[in-house]
Amino acid sequence: MKGWRPPAPLLLLLPAVIVLAAVVIFPLLLSLYSSFTSFRLTQPASLYNFIGFRNYERLLTDIEFWTAFGRTVLLLTIALNVEMLLGLGLAMLVEKASTGQRTLRTIMMFPMMFSPILVGFQFKFMFNDNIGLVNNALQSLGLTEQAIPWLIDGQLAFIAILIAEIWSSTSVFAILILAGLLAMPKEPIEAARVDGCTPWQTFRYVTWPFIMPFAYIAMTIRSLDVARAYDIVKIMTDGGPAKRTELLWTLVSRTAYSDARMGLANAMAYFAIFLSIIFTVYFFRKLAAARTQIAAEW
């Protein structure tokens, strides 16, 4: 090794590698290790108490954890499907606009500019049972006589969170699907019309197969976001009432900081990461299949 000099690319990348190792790799390895310990924030020495897979075994029989897990999957399933349908509709409307399309695209991106915390505060105020905009509008229109306890009732609180999530992220689907619509060649659509296809048949067999990869890309991005949903839920309900809107990451936060059981919380977190990986792999497979179909047909 005497006289050996590291190559210039390695020297240039070294600072970035050091920073990446310090802020990403080391915390991940430490959290993974602590998930195999009985680490409590109130007992620092417990970090060295190795208990093997006991935390993970405990999760298998923890009803509270599986309830939060199921609720997270339910939120993810409903949110992704509704966002895709709304995003598809918005994208097709904007794509058909003859004037002001740039302005419409800019307006469509507005919800993405708000942080999840701000969206949470905004919808928490809107769904307030006393001064909220939603109840005032419903009562003014004569649709309800009494204020609806949106954030107090468990089922209504979940619906309120779902609405906030859909409002803040539908534009992700709309923008990506619009990109697919604008990149799509017009000749196949014109040929379908000449062959006598109805608008639905043209969309079903020509337009949708082409834009499907864009929809799967949006689903992959959003599945990662919803699977780690925390900010909006924390602000609007904090997992309440009576933990009926508790999701995986709000449960992880409460277990780690309120209950000080950091080892168990890290085990929950890695289980949630595993869930995200499953959805990502699923959507990437769908994306690959859609691309293969387009290559064969187009």
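Student: Which side chain meets Glu246 in a salt bridge?
Tutor: The partner of Glu246 is Arg254, at 3.0 Å from N to O. A salt bridge here is a side-chain nitrogen of Lys or Arg within 4 Å of a carboxyl oxygen of Asp or Glu. Please note that this is a predicted model, in which local features need pLDDT of at least 70 and side-chain atom pairs count only at pLDDT 80 or more, while totals for chains, interfaces and linings use all residues. Residues are numbered from 1 along each chain as its sequence is written, and side-chain values use heavy atoms, with hydrogens and water left out.

Student: Is Glu246 buried or exposed?
Tutor: Glu246 counts as buried, because its relative accessibility is 4%. Buried means under 20% relative accessible area, exposed over 50%, and partly exposed in between, with a 1.4 Å probe and protein chains only.

Student: Which residues are joined into one network with Glu246?
Tutor: Salt bridges with shared partners connect Glu246 with Glu64, Lys243, Arg254, Asp259 and Arg261.

Student: How many salt bridges does the count come to?
Tutor: The rule gives 10 salt bridges. One of them pairs Glu83 with Arg222, with 2.9 Å between the closest N and O atoms. Glu83 belongs to helix 3 (residues 63-96) and Arg222 to helix 9 (residues 199-227), so this pair ties together parts that are 139 residues apart in sequence. Helices are DSSP runs of H or I with at least four residues, strands are runs of E with at least two, and both are numbered from the N terminus.

Student: And how buried are Glu83 and Arg222?
Tutor: Glu83 is buried at a relative accessible area of 0%, and Arg222 is buried at 2%.

Student: What about Lys234 and Asp238?
Tutor: Their side chains form a salt bridge at 2.9 Å, N to O. Lys234 is partly exposed at 34%, and Asp238 is partly exposed at 47%.

Student: Changing topic: how many helices and strands does the protein chain have?
Tutor: The protein chain has 12 helices and zero strands.

Student: What is the radius of gyration of the protein chain?
Tutor: It is 24 Å, whereas a compact globule of 298 residues would be near 19 Å. The radius is taken over C-alpha atoms, and the globule rule is 2.2 Å times the number of residues to the power 0.38. The C-alpha atoms fill a box of roughly 75 × 75 × 35 Å along the principal axes. Of the 298 residues, 41% count as buried.

Student: Where does helix 1 bend?
Tutor: Helix 1 bends at Ala21, by about 45°. The bend is the angle between axes fitted to the seven residues ending at a residue and the seven starting there.

Student: How far apart are the end C-alpha atoms of helix 1?
Tutor: They are 37 Å apart, which agrees with the 39 Å that its 27 residues (residues 8-34) should span at 1.5 Å a residue. The expected span is 1.5 Å times one less than the number of residues.

Student: Last one: where is Ile232, and is it buried or exposed?
Tutor: Ile232 sits in helix 10 (residues 231-236) and is buried, with a relative accessible area of 5%. Ile232 and Lys124 are 108 residues apart in sequence and 9.0 Å apart in space, C-alpha to C-alpha.
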